[in-house]
Amino acid sequence: MCYEVGRTIVVRMSSVTASRSGPALDWRLRFGVLALIWGFSFLLIKVGTEGYAPFQVTLGRLVFGTAVLAAAMAVKRERLPRGPRTWGHLTIAAFLLNALPFSLFAYAELTIPSTLAGICNATSPLWGMALSLVALSEDRPTRVRVAGLGLGFLGVLTVLGAWQGFDGLDATGTAMALLASLSYPIGWIYVRRTLAGTGHSHLSLTGAQLLLATLQLAVVTPLFTSLPTHLPIVPLLAIVALGALGTGVAMLVQYGIVAEVGPTTAQMVTYFVPVIATAAGVAILGETLTWSTPVGAAIVLAGAALTQARPGRGHRRGGADSEPWREGRPGGADSDSAPTAGGGGAGATSVPGVR
């Protein structure tokens, strides 16, 4: 998605590493856990903003997410990347894939339901496809992908109730959620252009990216918010879960899935996130649901799936996908071949997200 809609920082996944230590859980189970974590991220954002300012929610999310990745790096004895150029590129990636979309989703959910935020997050692949046609010369359109782009945005209009004149819709909050979803593919394209083949591990790059995003929010938050006079427990626990699970643990789970079954299969989690976000918002938060929301969401997901269609070609399975970053596909939170910390507000993707 929170496509945290993260997707992938562009590095080669090691099939040797994947084969030496088999995963404790079947990848399908981990895939389901990942979808649940990122799907619930939008609910957690909503709960967090009930007790804390949006920038505070984002800062807390990044602090706890960074702590999880720092612990993982310590266990694996990974070091942060070196070189001023790499850190400069990571600073921009941290802003586009973490600090900006996370903050926009938090502000958006002050005025829109978590269900709508989750569906807006699913538009990242649509934005990604549209931008890649302009920014990536090797990413040529096909009729199917262009049709998917049109279908996806038709789904967005359906969700928003365009035929009713967007009646009852908070335009500012919805625009923020859509801008957050747009920020992911801009970040993915930037990462693809600047951080491919740096030689650093995906964990090292993502840990550094989250650390930089945390520092960015640590500077901004005191300028726009004041210290809370009390600490509401439930919103605080939501922020802890959002950061530790939705940003930290989810990234580690996604790494394992990408290494085992490849980025093409791993990115399919994107299509489950809005479904879970909608179910959680309705069942737990009591958010209302009109017929246009699930119908429009289904159209968005169908369009997003079509935008990912590629000409048939040989595809090796698992972490041995020789150059998965050449897929450049948005996912959850989108181009992060080891996922960057995006998503969910989830993705992104970097799937976002939750992105």
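The largest nonpolar core in this predicted model has 75 residues, and Leu34, Trp38, Phe105 and Ile257 have the most contacts inside it. Helix α2 gives the most to this core, with 11 residues. Residues are numbered from 1 along each chain as its sequence is written. Because the model is predicted, local features need pLDDT of at least 70 and side-chain atom pairs count only at pLDDT 80 or more, while totals for chains, interfaces and linings use all residues; side-chain values use heavy atoms, with hydrogens and water left out.

**The core**
- A nonpolar core here is a set of buried Ala, Val, Leu, Ile, Met, Phe, Trp, Tyr and Cys residues joined through side-chain atoms within 4.5 Å.
- Buried means under 20% relative accessible area, exposed means over 50%, and partly exposed is in between (1.4 Å probe, protein chains only).
- Setting aside neighbours within four places in sequence, Leu34 is in contact with Ala250, Val253, Gln254, Ile257 and Val269, where contact means heavy atoms within 4.5 Å.

**Helix α2 with helix α5**
- Helices are DSSP runs (H or I, at least four residues), numbered from the N terminus.
- The axes of α2 (residues 27–49) and α5 (residues 114–121) come within 9 Å and cross at roughly 135°. That makes α2 oblique to α5.
- Oblique is what's left once you take out roughly parallel (under 35 degrees), roughly antiparallel (over 145) and roughly perpendicular (65 to 115).
- Axes are lines fitted to C-alpha atoms over the stretch in contact, and angles run from 0 to 180 degrees between N-to-C directions.
- Phe42, Leu43 and Lys46 in α2 meet Ser114, Ala117, Gly118 and Asn121 in α5. By class, this contact has 3 nonpolar, 3 polar and 1 charged residues.
- For those classes, Ala, Val, Leu, Ile, Met, Phe, Trp, Tyr, Cys and Pro count as nonpolar, Asp, Glu, Lys and Arg as charged, and the others, Gly among them, as polar.

**Helix α3 with helix α4**
- The axes of α3 (residues 54–75) and α4 (residues 84–108) come within 8 Å, crossing at roughly 135°. The two are therefore oblique to each other.
- On the α3 side, Pro54, Phe55, Thr58, Arg61 and Leu62 meet Asn98, Ala99, Phe102, Ser103, Ala106 and Tyr107 in α4. These residues divide into 7 nonpolar, 3 polar and 1 charged.

**A look at Thr293**
- You'll find Thr293 in helix α13 (residues 292–307), and Thr293 is buried, with a relative accessible area of 12%.
- Leaving aside neighbours within four places in sequence, Thr293 is in contact with Ile119 and Val159.
- Thr158 is 135 residues from Thr293 along the chain, yet their C-alpha atoms are separated by 7.3 Å.
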